Amino acid sequence: MRHNFARWDMLFVQFLKRDWKKILVWVLGVGLFSAGFVPAFEEIGKGQGFRGLYETMQNPAMIAIVGPTPADRAEDYTLGAMYAHEMLLFCGLLAMILSALHVIGHTRREEELGLMDLVRSFQVGRQANSLAVMAETVLINVLLAFVIGGILAGYGESSLSAEGSLLFGASIGMAGIMGAATALVMAQIMPASSAATGASLGIVGALFLVRAGTDISKESLSMLNPLGWTYLTYPFTENRWGPLALAALFTIAAVAAAFALEGRRDLGAGYLPERQGRVTARKTLLSVHGLFLRLNKGVILAWTIAFLVIGASYGSIYGDMQTFLESNDIMRQMFTASGVSIEASFTGIILLVTTSLVAILPVAVVNRLFSEEVRLRLSQLLATRVTRARLYWTNVLMAVLAGLAGTAAAAVGLGATAVAAMGDGASMDIGDFLAAGFNLFPSVLFFAALAALALGWSPRLGKAVYLYLAYSFALNYFDGLVDFPEWVSKTAVQSWIPRMPVEPSDGAVFATITVISAALMVLGYFGYRRRDMAEGA
Amino acid sequence: MSEVVIVRNLQKSFGRVTALHDVSLSVREGEVVGFIGPNGAGKSTTIRILLGILRRDGGEARIFGKDVWKNSLDIHRRISYVPGDVALWGHLTGGEIIDLFMKLHGGGDKAKRDFLIRRFELDPGKKAKSYSKGNRQKVALIAALSVDSDLYILDEPTSGLDPLMEAVFQDEVRKLKEAGKSVLLSSHILSEVERLADRVVIIRQGRVVESGTLDELRHLTRTTIRLAVDGDVRGLAAVRGVHDFRATGNQATFSADQEHIHHILSEAVKLGIRNIEAVPPTLEDLFMRHYEN
């Protein structure tokens, strides 16, 4: 037994040396993300904010997303209660996923890269590596727990007790450790590292979905779910440490199982046989658009679903807006004065935010063509009858279609849930949401066109389009809070477009931005047609 | 014989770096031309210009009599290409990628594909990301050889293949040659070029330093002769055309200029030859001579 783990401590130190930068970014990044939003929540909670949010959070849709709260009355919904309610599940998931990826990266991935052969040729035990990476991941998560707990306790807020802070941090850390243990088991079973990653993330995703269901129907069932042992600790309210003990038992069992499995497998192989892929291609793959559709399918699908979910999560709060408005005098006065309904105003702002996010997708699709080029995957294609025009326009068109799908997904997600949440008295129908969403479509087109222009003339600038997108997003996001001069606001392309449904649409602006975008795409093509493919340099 | 590929005074710079100073070469119909040089000499750059992937700065480059940049599409109909660095889409299987390339090229032969997959012992059902370098190379080779083309441009096609697969490859190239196809074969594996090529072009630092048939080039170098004689072997050391003379007992090893070979052997006969071995100059010798200076 000892023999199997020989020199694990050396590997452990080696991992720390190799990873210390990653660990630093990880612990500080997740730590600040998990504990850093307290001031923002304080801001939201001013006046009757917590009461309004409490009502909002009773919505089953919200429970499905963030989980339940033990607070029975709005008065109990303190800053701490709210913070744990809205942040803990997500931060736990984040820690879980990062740990799982880390473990697989240091186990099966290194086996596949051939690094492990070399390590094993020394006097290193068969299972020393697994023990070392598990120890490293546990250490990282313990550090993370203390960092989060420390920051939270450091705010000195009365509802953020020291015990609660530590429990909050420990719950996130324990989520990470469980993620690592799960990944270690999958690393033994699955045939390849990518399959192990997929299976680990799949398990986390499945647990999340199951808990969404049980949280709504019968909360006690969620306690049978390993994921439940993290966010159902209820820091700052009930401070339950019991679930963490269950999580620790789960981890020990999983790690023991992983070691038992590992003892009986070959290096680089899992228990499940590698799935044989297709020996011949389907007809749908055999064209340029078929190929690029296949390459981009994952990213387009994932983003479209994300836009639907983002839209839906915003849409679910429409039902509580009137309640919120009644509780907040200043806001009520603002809306009465402007003569616009709070729903309409909110729709305009939210769609601006989601549309800025939607623009990421077409930019990613356009940039994909250049990354294919740099990775030399186009060289053999370019020697066939495929023209550069075909490559370019297939890709740009696909980006535009992806943008359309994303815009529709965000608008439908928002609209459908909003209409359902508002019930009979709905002041808007789904058509209003779609119109308002597609009114902003020229801005999506514009970002895609900038990426296309870069692709044609200076492809390394393709990434800079994201910077401009982030800049525009920030400008629009803060426009309501900070009074930017007109010319500053106008540097963001979205600012040129009127905000439906509050403002009427402007056909001339719509057409102008569309035409400019199309022209930029054509211009990009002229560059793409004549430039050297980057691989030669 | 018509010329399938004509390259004259080709030039190409990347920014301030000049990759090709002056490259001229030609491939005639039905001919296998070896294109050899060390890494970074400009082999791949020349080939990428021929494929229309890069734009030339100067000179002329034609395939089938057509300009490689302007008429690249017409040209691509009739050529097959195997890149030196084969990069594949990790999530597609080898079989899918071969089918895709065949389809995009046009004129693929399904039976030939299956035959080559068996011959190269490729598992077409595996995802490309799990392939070794040799297996990626096989995917590119099978795709290129399964379609009907008139010119095959192969950029270091056997790097990563094991000797058995290399033999299969050479056999396939021989078949192309018998079918009257033209092949431009870049390599730094000289024995491979030597076995297959009718002519070789040697490139170094962006310039063609030597070209011609192997026989022509051999005039430029010396045959290595090892012999044992009855008389005093040291007498041969002073004969014209003998270089690098080394003797042990009555045995000697030296290199001999091609043009003096008759004279040298006549002198050796006078000493009574007991045993003689002549090793013809290899491309290695040619190559080394160019890199020595």
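**Figure 1. The two domains of chain A sit with their C-alpha centres 33 Å apart.** This is a predicted model, and in it chain A splits into domain 1, residues 2-262, and domain 2, residues 285-536. Boxed along the principal axes, the C-alpha atoms of chain A take up roughly 75 × 70 × 40 Å. A compact globule of 537 residues would have a radius of gyration near 24 Å, so the 26 Å of chain A agrees with that. Buried residues account for 44% of chain A. As for who touches whom, take the chain A contacts between residues at least 6 apart in sequence: 79% of them link residues at least 24 apart.

**Figure 2. Here's the largest nonpolar core, with 141 residues.** The members that touch the most other members are A:Val363, A:Val366, A:Phe447, A:Ala448, A:Ala451, A:Ala452 and, from the other chain, B:Ile142. Zoom in on A:Ala448 and skip its neighbours within four places in sequence: what's left in contact with it is A:Pro362, A:Val363, A:Val366, A:Ala399, A:Val400 and A:Gly403. Another core, of 73 residues, lies apart from this one; A:Leu11, A:Ala84, A:Leu152 and A:Ala258 are among its members.

**Figure 3. Chain A meets chain B, with 28 residues of chain A in contact with 33 of chain B.** On the chain A side, the elements that give two or more residues are helix H13 (288-315) and helix H18 (379-382). H18(A) supplies the largest share of that side, four residues. Sorted by class, the chain A side has 14 nonpolar, eight polar and six charged residues.

**Figure 4. Helix H3 of chain B is mostly covered, with 11 of its 12 residues buried.** The helix runs over residues 94-105, and at 1.5 Å a residue it should span 16 Å; its end C-alpha atoms are 17 Å apart, so the two agree. The buried set starts with the glycines B:Gly94 and B:Gly95, then B:Glu96, B:Ile97, B:Ile98, B:Asp99, B:Leu100, B:Phe101 and B:Met102, and ends with B:Leu104 and B:His105. What do the buried residues of H3(B) pack against? Part of the packing is with the other chain, through H13 and H18 of chain A, and part is with helix H4 (110-119) and helix H5 (133-145) of chain B. Just after H3(B), look for B:Gly106, which takes a positive phi of about 90°.

**Figure 5. Chain B also comes in two domains, domain 1 (3-217) and domain 2 (222-292).** Their C-alpha centres lie 39 Å apart. Where they touch, nine residues of domain 1 of chain B are in contact with six residues of domain 2 of chain B. Which elements of domain 1 of chain B give two or more residues to that side? They are helix H7 (190-196), strand S9 (199-204) and strand S10 (207-213) of chain B. The domain 1 side of this chain B contact has six nonpolar and three charged residues, and no polar ones.

Key:
Residues numbered from 1 in each chain as written. Chains lettered and ligands numbered in written order. Predicted model: local features only at pLDDT ≥ 70, side-chain atom pairs only at ≥ 80, totals over all residues. Core = buried A, V, L, I, M, F, W, Y, C linked by C-beta atoms within 7 Å. Buried ≥ 20, exposed ≤ 12 C-beta atoms within 10 Å, placed from the backbone. Contact = placed C-beta atoms within 7 Å. Nonpolar A, V, L, I, M, F, W, Y, C, P; charged D, E, K, R; others polar. Domains from an automatic or database assignment. Rg over C-alpha atoms; globule rule 2.2 N^0.38 Å. Expected span 1.5 Å × (residues − 1).
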